[in-house]
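Subject: Structure handover

Hello,

Here is the structure I said I would pass on. Please open it first and then read the notes below it.

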Amino acid sequence: MSSLRRTDLLTLSNLRNDGRKPNEIRRTQIQIGMLNQNSSSNASTGVSGSALIQMGLTVALCTILGPTDCTRRSDENNEKAFLNVSLRISPFAPSTGDRRVYNNPQNDKRLMEQRHMIQKAFEAAVLLHLYPRAKIDVNIIILADDGGRLCAAINACTLAFIDAGIPMKDMVCSCSAGLGGANGDICMVDLNRMERLNIGGGGGGLDTAPYLPCAILPQRDTVVLAQCESRLPISTFENVLNAAIRGCHAMYEVMQAAVRERAGTLLASHEGNAHVLLSSAALSHDVHEKRGKTSEREDEMMEL
């Protein structure tokens, strides 16, 4: 009796390689304000807002600094603030595990293009006219890349802007979509790296794969970013775009829940009802420190 492999079972169940349905996004974990928990760390790091998002195995960290004065006179604008976006990839980020491949953000055309798209997307959402002749620095670091790093970077930027208290028209939520399946006729949402490599059905590579990252303003139903490098019929393109928009709305629900949880925590701490959880290492360090101070006092009393 021949045993079935896991991939065969998933195929028979009409599931993807990670067990998801075609219209299901990856598991998302969000941390807001981890780099500015207290005033001392905020002063040392100079961060106005920060956010860490994990979409599946893709992890993106975003920090916001500003609004501040422009260091260069050429960046000043009397009507609105200048949005300076920096996108970098850590050496250990690629899922292939090859650390010899390093993407220089100054020379890599793909990173430069994605940085430009992030800048244009948030220029349409952030109320920059409230900060004339100012500059807002947006620093994005991809800590792990398993596909969808552009979408993860955009979602992390949105949460970091909210944590920094910079007003926006609406949250910018991003998700990707593409065609997959045996015949390449199934719309899949939030593709990972393996699906991106095997997408297209006919053995197409990254250049020919129908892959579409999308970013929207969910409450306004406005698309601020949609990029597709493949040639598709209008009907197929509309189906892929609608699938990406549905994924963006699903991501909006997750991000909105994280923002409400963060706001509830800040409100509880402001009212004095917050609960502080210390790790065992911190508790043991405090106990040893108190014992050391007690022994020093006892020695001083014995000397007297």
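Two strands count as paired if DSSP finds at least two bridges between them. Helices (H or I, at least four residues) and strands (E, at least two) are DSSP runs, numbered from the N terminus. The model is a predicted one, so local features need pLDDT of at least 70 and side-chain atom pairs count only at pLDDT 80 or more, while totals for chains, interfaces and linings use all residues. Residues are numbered from 1 along each chain as its sequence is written, and side-chain values use heavy atoms, with hydrogens and water left out.

The five-stranded sheet

Five strands form an open sheet in the order β1-β2-β3-β5-β4, with mixed pairing. Its edges are β1 (28–32) and β4 (82–89), each of which pairs on one side only. On average, neighbouring strands of this sheet are turned by 15° against each other, direction ignored. Axes here are lines fitted to C-alpha atoms, for helices over the stretch in contact, and angles run from 0 to 180 degrees between N-to-C directions. β1 and β2 (residues 49–55) run antiparallel and are joined by five bridges; in this pair, Ile30 stands opposite Ile53 of β2.

Helices on the sheet

α4 packs on the sheet and touches β1, β2, β3 (58–69), β4 and β5 (134–144). The direction of α4 makes about 145° with that of β2. Contact means heavy atoms within 4.5 Å. Helix α6 (residues 234–271) lies across β1 and β2, at about 35° to β1. From first C-alpha to last, the 38 residues of α6 reach 55 Å, close to the 56 Å expected at 1.5 Å a residue; the expected span is 1.5 Å times one less than the number of residues.

Inside α4

Helix α4 covers residues 149–164 and includes Thr158. Is Thr158 buried or exposed? Thr158 counts as buried because its relative accessibility is 0%. (Buried means under 20% relative accessible area, exposed over 50%, and partly exposed in between, with a 1.4 Å probe and protein chains only.) Beyond its neighbours within four places in sequence, Thr158 is in contact with Phe122, Met168, Met171, Val172 and Met255.

The largest nonpolar core has 61 residues, and Ile118, Phe122, Val138, Ile140 and Phe161 touch the most other members. Such a core is a set of buried Ala, Val, Leu, Ile, Met, Phe, Trp, Tyr and Cys residues joined through side-chain atoms within 4.5 Å. With neighbours within four places in sequence left aside, the contacts of Phe161 include Ile64, Leu83, Val126 and Ile166.

Cysteines

How many disulfides does the structure hold? There are zero, a disulfide being a pair of cysteine sulfur atoms within 2.5 Å. The cysteine sulfur closest to that of Cys157 is in Cys62, and at 3.5 Å it is too far for a bond. Cys157 is buried at 0% relative accessible area, whereas Cys228 is partly exposed at 24%.

Strand β6

β6 (residues 173–180) is largely enclosed by the rest of the structure, because eight of its eight residues are buried. Cys173, Cys175, Ala177 and Leu179 cover one side, and Ser174, Ser176, Gly178 and Gly180 the other; all are buried. β6 pairs in the antiparallel sense with β8 (residues 211–217) over six bridges, where Leu212 is the partner of Ala177.

Regards
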